[in-house]
Each structure stands twice: as C-alpha cells, then as structure tokens.
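Here is a friendly note to read alongside the structure. Please keep the 3D view open and find each residue as you go.

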Amino acid sequence: MKKLYLILSFVLISFIANASITGQAEGLCPNDATLYNSSYTDSDVYTWKWIPEGGTIRDDYDSFSSVWILWNDSNTTHKVTLTVKQGTKVIEETTLEVRVKSIKTETPGNFSGDFNIPFGDNTPRTYSIPSLKYPNCFSTLPVYVSYYEWLIPAGWIHNNDVSDGKKRIKTRGTSITVIPDDCTDGSIKVRGVTECSGSSNSRDRKKEITGRNITPLVSSTDFIVCGKPKEITLNIGSVPNATYQWTKPASWTWTSGTNSNVVKVMPDGFSGGTISVIVDGCTSLKESKIITLKDWDPNEPTPKITGAKVLCTGGGTYSLQNAYSNATSVTWSVSPSNLVEKSTGSGASAFLKAIFFKIRGAAEIKFTLHNQCGKIYEVKYNVWVGPPSGSEILCRQRLVGLHSIIEADALSPGATYYNWSVDGGSIQYAQNTSHVVVATGSTCLTNLCLRVSGENACGSGIYAYKYIPMDCSGPPSPLNSFNPDPLIVSKVGLSEEGNSKQLADTQMNLESTKVITSIAIFPNPVEDVVNIQIPGNLIVDNNFSIEIYNSTGKLLLRKELVSNTNSIDLSNSPSGTYIVKLITDQEIITKKIIKK
C-alpha cells in the first residue's frame, strides 16, 4: 500500500510539472479575442484563476479551465498568469508571455528628400522614411508595417489628384512622390498604418517645407494706432515674380506700391479698417490685419492750458481747454511740489496756490490726456509762484562825462512790472519795464546809483542796486539819441551781492564797442529760428557760449558756440520775451528778443 502511494504521488507530480497554458502567444492583433486553455480540465478536482496583464477577460469568465482575453492596443507588457488549485492547495502557477502587434506609441524614422523648395519651383519631389517595425510582436524575425498614410500641403499633386491639405494619402511602402504648387508652404506628415482592424495607427513624423515661408504682414505703426493722421507703410515678404492683390478700407487712399510687396496708405483720419493682401492668388498666402484708429481727428484744435502766469497764496484755477474728444481720462501734476499746494480739482481743472507768501520760484503745470492706448498727449504751462526773485542789473555806459546816457536791463524772474529810481540822473525811457535809459544831469558825479525792484501780482521783490563809476575827465557829451533795444554788456565777474559791493570799472573804449556791436542777433522779433553771427576773429580769440532764459528767469538752453554762424530753434517755444546771454572770457553780452 505504501509503495502504491509513492508511485501515485510521483505520477501526479510529474503531470503537474508538465502542465501549461495553450493558445496564441505571438503576432496578435489588438482588441481581438484570443482563447487560452489550461492543461488541467477536470472540474471536479481543480479550480482555476486567470489574471491578464495588458488585457481584459471577456465576460469576466476567469475561473474556468479556458478563457477569452481581449489584448490592449499598447506597447506595454502583455501576459496571462494561471493559478490552479486542488482544494485550498496551489498545485500550479504558470505565466504565458504574449506579443501584440501595436504601433500606437511608435513614430516613423527621419525623412529623406528635398524639403527646401523656392517659390515657383514645381519640380516633383520624392520623400521616404525607413520601414516601421512592429515592436516585439514576434520572438524571432522582425515584422514591418506594410501601409503608410501621408498628408501633403493643399494644392500639391499626387497621382494627378490635387490635395486639399486634409485628406490622407495611403501608400503601400515607405515612399511618396508629389508635385508642389508654385507658392504654398506647409509640412509633410506620415504615419504607419496597422494591418489589424480597429487598431490605432502610429504617431506622425512631420517636417516643414522651407524656402517659401513668407514674412507675415507688418506695419510701420502698431495695428492699434494712436496719434494724428499719418501715412502707414505695410510690408509682406517678397516672392520672386509674384503679383500682389491689396485691399484697404474704401475711404483710405493708396499713396504708392499697390503692385509690390510694400505699400503706403493714408487713413481718412476717422475710421479704422482691414488691410489684406493675396500673393500670387494662393489662398494660403493671404494675410490680413485690422488697423484700429484711436484719436485720428485732424480737425480738433490743439489742447491748451488757461490760467494766470503768476500764482500767489490766494490761489488760481488752471483748466485744460480743447481736450481731444477720444480722451478717456485727464490727469494733472505740478512741479516742483515744494512751491505749490495742491488744493482741489481733478481731471481737466486744478485749483492751486502758493504754499507760503514769501516763497518764490518757477513751476510747471502739466495736464496729461489718456485713452485706450495710454498716454496720448501732454500739455505744459509755466507759471511763476510768489513775488519776483531779486534782480540783477546789467548796464552799459554809452557816453562819458556830462550828460552821459546809460542803458540798463533788470533780470528779475517772475516780475511783470519794474520800479526804477536813480540818484544823480533822470530816467528817460521805459520806467516800468525791464529796460531803462538813464541820462545824467549837468553835474558830473563820481558815482551814479541805479535802483530797481521787480513786482507782480503777489508783491515786490528785493531792491537791487548798481553803483556806476563816472568818468569826469572829458568834456561834456551831448545827449545823443539811443537805441530802445540795444545790446547790453557787463564785465564777467561784476555781478553784485546785495547793495554793499560796488562794481569795478565798466568803462569801455570805442574799440570794444565796435567789437560788441559787430555781433549780430537776428531777426527780432523772431518766429522760429534766431541767428547769431560772430566775426571770425572773435571766435578765434574767445570762448563763446550762449544761455537763453524765459520771462520768469528759467534757464532754457546752455550751449557752446564754435562757429561764426549759429542758429537756435525757438519754434516749439511759446510767444513772449526771452533773454539771450552771450558769454565770453571777457564779457557778457545780453539781448532781449521777442518770440511772435
């Protein structure tokens, strides 16, 4: 009996050791149902458990001696594991590796062929790729994909059929021959096609056509335009031997180039529109851009600021006039901030006042207009805050001895009125302006004292004094006529400090007077450009520079002069009175000019 048990056990173990899973293991199509069987088939003795990886069991029948499995369309691991039990004891566990024909995650190899095709070149081209292999679908020999699908640009030809750029072309093999059209660019695409029905194709291999990539339509301005009307230049890439069909808004005007790749157009100033171009009639080379005009009304007046030119502690209102109709907002600012108190007002109106009654200086009020494009316009307005600053007196003694005539200018920033007085002489001309003419009496004085204070709506400035030494050695001089707007000259370094420091010698000889008067500043009054003409010998012998001040005493320009003829552009400056200073190593030459 014992011997019989040993014999039966040996036979059973031998049988179990030879147990296996039967069924197709290679070259399977994804999504097809495949039958697998166990070598253990006696349902009264055994139980079965099937576990697939990379597939699913059809109808959930996983506890029979045979099973149908649907394999996934992927390149992941595919296998099935079977566990056989007799009662609770596992007597067999075996795994079968399965190889599925999937190219879902594969990509064809690199192209061969000419992808550089100039415009107008329609020579046939052949494109090829290496054969695409099914990965690991057989354990011995490789298996290659037989069919491929190609996508070529619209207008290109294959086997006398014109492509629409969307429909795939199926070939048996890894090559395709096509005929390009004259101008269409784009790309070539290809993918492998599986022989298994219902399975996914491979990924696309793609390569761009070069040599006919046209530059997109560009403009000399942004396509959202802010500003006054101006000519717009539009440009699209050049195509050899091509024709161009441009379109524009009906109310705009072509100015040049409608038969080339560069055109110029003038908007009507009121409405935007679309600019488009078709190159060689190829729809794939059609470009269009919408140009939006934000503030193109040429009939609107220029914005300006109104308000007093002198600002006192009582305050004043400054308003923006003629704001552009398309402005969405207006803001204002004032600088320097230490002079002006920001009181009330917003948008196009501001009420301002001087911080302190003794404070004084030049300030700038600025209004800024905004629209959808951002800042579109700035308006600036110069004001003087508080009483005038102290005056500087510049003078020239034209004649010596008795009856001397002296001309003087007071440079007092912020002054609108001048109060002159003189000891030892009489004021002959323009007592209440910045320029004055003084005649001495019949008695020659050792020193003549000239005084002036500037005034404006806020009060008076500090009196300035000028002590003028007189030359009484010569005979009495007649009261000659005088030029009401002369050149005014002072020696460099002779500016005074208060009324305690007397000026040194201001006497000029006739030769010096001739040199000075030979310098011409013209025209006066001036509309746009003022000219300064200096004799050549003066340029050689002196270092010349120029300074220009406005009526408030603010320095507007400082420049070195190195040529005989010099021009200063005042076209952007407001009308009014300006002081021009010519400074040399020896003297300062001052001139008042009027800007129309």
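The points below cover salt bridges, one glutamate and a surface patch.

1. Some ground rules. This is a predicted model, in which local features need pLDDT of at least 70 and side-chain atom pairs count only at pLDDT 80 or more, while totals for chains, interfaces and linings use all residues. Residues are numbered from 1 along each chain as its sequence is written, and side-chain values use heavy atoms, leaving out hydrogens and water.

2. Start with E149, which sits in strand β9 (residues 147-151); helices (H or I, at least four residues) and strands (E, at least two) are DSSP runs, numbered from the N terminus. Is E149 buried or exposed? With a relative accessible area of 15%, E149 is buried, a word that here means under 20%, with exposed meaning over 50% and partly exposed in between (1.4 Å probe, protein chains only).

3. Now look around E149. Its side chain makes a polar contact of 2.6 Å with that of R191. (A polar contact is a pair of N or O atoms within 3.5 Å; within protein, one must be able to donate a hydrogen and the other to accept it, and residues adjacent in sequence count only if both atoms are side-chain atoms.) Leaving aside residues up to four places away in sequence, E149 touches several others, among them R168, K189 and N201; contact means heavy atoms within 4.5 Å.

4. R168 also has a salt bridge, to D204 (2.8 Å, N to O). R168 lies in the loop between β11 (161-162) and β12 (169-172) and D204 in the loop between β14 and β15, so the pair ties together parts 36 residues apart in sequence. A salt bridge is a side-chain nitrogen of Lys or Arg within 4 Å of a carboxyl oxygen of Asp or Glu, and the count by this rule is 14.

5. Which residue pairs with E195 in a salt bridge? The partner is K101, with the closest N and O atoms 4.0 Å apart. E195 is partly exposed at 45% relative accessible area, whereas K101 is buried at 11%.

6. R558 and E547 form another salt bridge, with closest N and O atoms 3.1 Å apart. R558 belongs to strand β44 (residues 555-561) and E547 to strand β43 (residues 544-549), so the pair ties together parts 11 residues apart in sequence. R558 is exposed at 55%, while E547 is buried at 10%.

7. Finally, salt bridges link D114, D121 and R125 in a network.
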